[in-house]
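The terms are given their cut-offs as they come up, and the geometry follows.

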Amino acid sequence: MTNLFLTEKIKSLLPAYLQFLNEEVYPIELAVINRPFRQSLPLLKNLRAKTKEKKLWAPHLSEKDGGVGLTLVEFAQISELLGSSPIGHYLFNCQAPDIGNMELLHGFASAELKKKYLVPLMNGDIRSCFAMTEPELAGSNPVRLATTAKREGNDYVINGHKWFTSSADGASFTIVMAVTDAQNPSPYLRASMILVPIPNEGYELARNVPIMGEAGEDYISHGEVRFTNCPVPVSNLIGEEGKGFALAQARLGPGRIHHCMRWIGICERAFDLMCQRAATRKLDEHRYLGHQQIIQAWIAECRAEINAARLMVLHTAYEMEQAGSKAVKDEVAAIKFYVANVLSNVIDKAIQVHGALGITDDTLLSFWYRHERAARIYDGPDEVHKTSLAKSILKKYGLSFTG
Ligand SMILES: Cc1cc2nc3c(=O)[nH]c(=O)nc-3n(C[C@H](O)[C@H](O)[C@H](O)COP(=O)(O)OP(=O)(O)OC[C@H]3O[C@@H](n4cnc5c(N)ncnc54)[C@H](O)[C@@H]3O)c2cc1C
């Protein structure tokens, strides 16, 4: 953590969050991630109630909505702290994809949808998911969608196939991105976002897609879902028809900052584990792992990378607050791929320092290795963000990119 962006509010809140993590979360997290997630739901429900009692619940939401009322820069710092545990964000109801859906509904849903879905989501009574990516088409080019929503009377009838609908298992609704105007000359105006209640006629969770040997369940899962003549009232449209891509951009801007700060929290925890191991693992009577120059180099490099990543993310959050999402498009692209790669490197080095122990499930590292490799893919793969940033830079040098 850096003092640079610490407000009085954050200074007063940090000890309470830290105490909760130390006393309630760190002691149980390994057991939770190493057994089927549903087995832990009663325990987690209890802990979620405690975070509410202590007024630490939903740091990103306004106080009026039952949250702590932090600014984006303030939330980024709490998000880092919560990221230090695999169940941190979930316990405080600021976990993806729900946090993004809360923002979407807050900004663009009708009063009726807000009452029915946003309020229980903010209270933590239900969960949600977001269905955009399709197995048959490249998700990196999101204007190509095969899922359709056709108007029939007062309904949209949805047909399509999605996957990586994270946390669909156990969700009470999904927000689906579907084509509503296939003939629109602009591919950016063809799709809309529609809220589909779950269960619903024509909606099916086909399976939880196995990830590196683990299908997961409930919150920790990635669903493959099908919509077959699935009817939804037209009033379940979010925002305006044809504005799905604009909404997706609105959802992804702050969302990438949330992910990046969570990743820095993971980096700090993995770094801490790595240093503890280096300082205590004996190679012989006189030497510890940490006496080896190559291990020292990894520690120094990881320290520098994490520090740099944090400042980049906080600076981007600060600029976004001042000037809005559009103004920091390049900065968001830069942090998305930079921090994802720092994360991959730090987890990998921490595992290497642990030797065989690093790949067992006796530490948190293997969980993060399995689950966070994806950081370089979701919310836009590295290559897409690098291309976008480089083009933006080169345009300033007069290079044009048509066709
Ligand atoms: C853990 C996880 C959770 C996810 N959660 C959700 C979710 O909740 N909801 C949802 O809708 N989606 C979700 N996704 C899907 C995610 O958004 C897509 O995987 C992502 O957009 C990439 O699409 P794709 O997998 O189809 O890869 P493709 O588009 O097929 O791309 C494959 C690879 O090609 C390369 N590539 C792509 N485009 C370019 C380019 N322009 N230039 C150079 N190289 C390129 C990249 O290396 C990329 O990794 C999730 C994915 C993961 C892994």
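A residue is taken to be near a molecule or strand if its C-beta atom, placed from the backbone, lies within 6 Å of it. By that criterion 19 residues surround the ligand, and the closest are M132, A138, G139, S140 and E383. Before going further, note that this is a predicted model, in which local features need pLDDT of at least 70 and side-chain atom pairs count only at pLDDT 80 or more, whereas totals for chains, interfaces and linings use all residues. Residues are numbered from 1 along each chain as its sequence is written.

The shell around the ligand draws at least three residues from each of domain 2 and domain 3. The contact between domain 1 and domain 2 takes 4 residues from domain 1 and 5 residues from domain 2, two residues being in contact if their C-beta atoms, placed from the backbone, lie within 7 Å. The side of domain 1 that touches domain 2 has 3 nonpolar, no polar and 1 charged residues.

Consider next the strands, where two strands pair if DSSP finds at least two bridges between them. Strand 2 (residues 148–152) and strand 3 (residues 155–166) pair in the antiparallel sense over 5 bridges, with T148 having N159 in strand 3 as its bridge partner. Strand 2 and strand 3 form a hairpin with 2 residues between them, and G153 in the turn has a positive phi of about 60°. Strand 3 also pairs with strand 8 (residues 220–233), again in the antiparallel sense, over 9 bridges, and here the bridge partner of S166 is H222 in strand 8.

Strand 8 also holds N229, whose phi is near 50°, a positive value in a residue other than glycine. Is N229 buried or exposed? A residue is buried if 20 or more other C-beta atoms lie within 10 Å of its own, exposed if 12 or fewer, and partly exposed in between, with C-beta atoms placed from the backbone; N229 has 11 such neighbours and therefore counts as exposed. K55, in the loop between helix 2 (41–53) and helix 3 (72–83), likewise has a positive phi, near 60°, and is exposed, with 12 other C-beta atoms within 10 Å.

Strand 5 (191–197) gives another picture, because 6 of its 7 residues are buried, so that strand 5 is largely enclosed by the rest of the structure. Strand 4 (residues 173–179) pairs with strand 5 in the antiparallel sense over 7 bridges, and V176 stands opposite I194 in strand 5. Strand 5 is also joined by 2 bridges to strand 9 (residues 237–238), and these two run antiparallel; M193 has I238 in strand 9 as its bridge partner. In the loop between strand 5 and strand 6 (203–208) lies P199, and the peptide bond joining I198 and P199 is cis, with omega about 5°.

Of its 106 residues, I194, V313 and V339 touch the most other members. Leaving aside its neighbours within four places in sequence, V339 is in contact with C260, W263, I264, A309 and V313.

Technical notes:
Helix = DSSP H or I, 4+ residues; strand = E, 2+ residues; numbered from the N terminus. Nonpolar A, V, L, I, M, F, W, Y, C, P; charged D, E, K, R; others polar. Domains from an automatic or database assignment. Core = buried A, V, L, I, M, F, W, Y, C linked by C-beta atoms within 7 Å.
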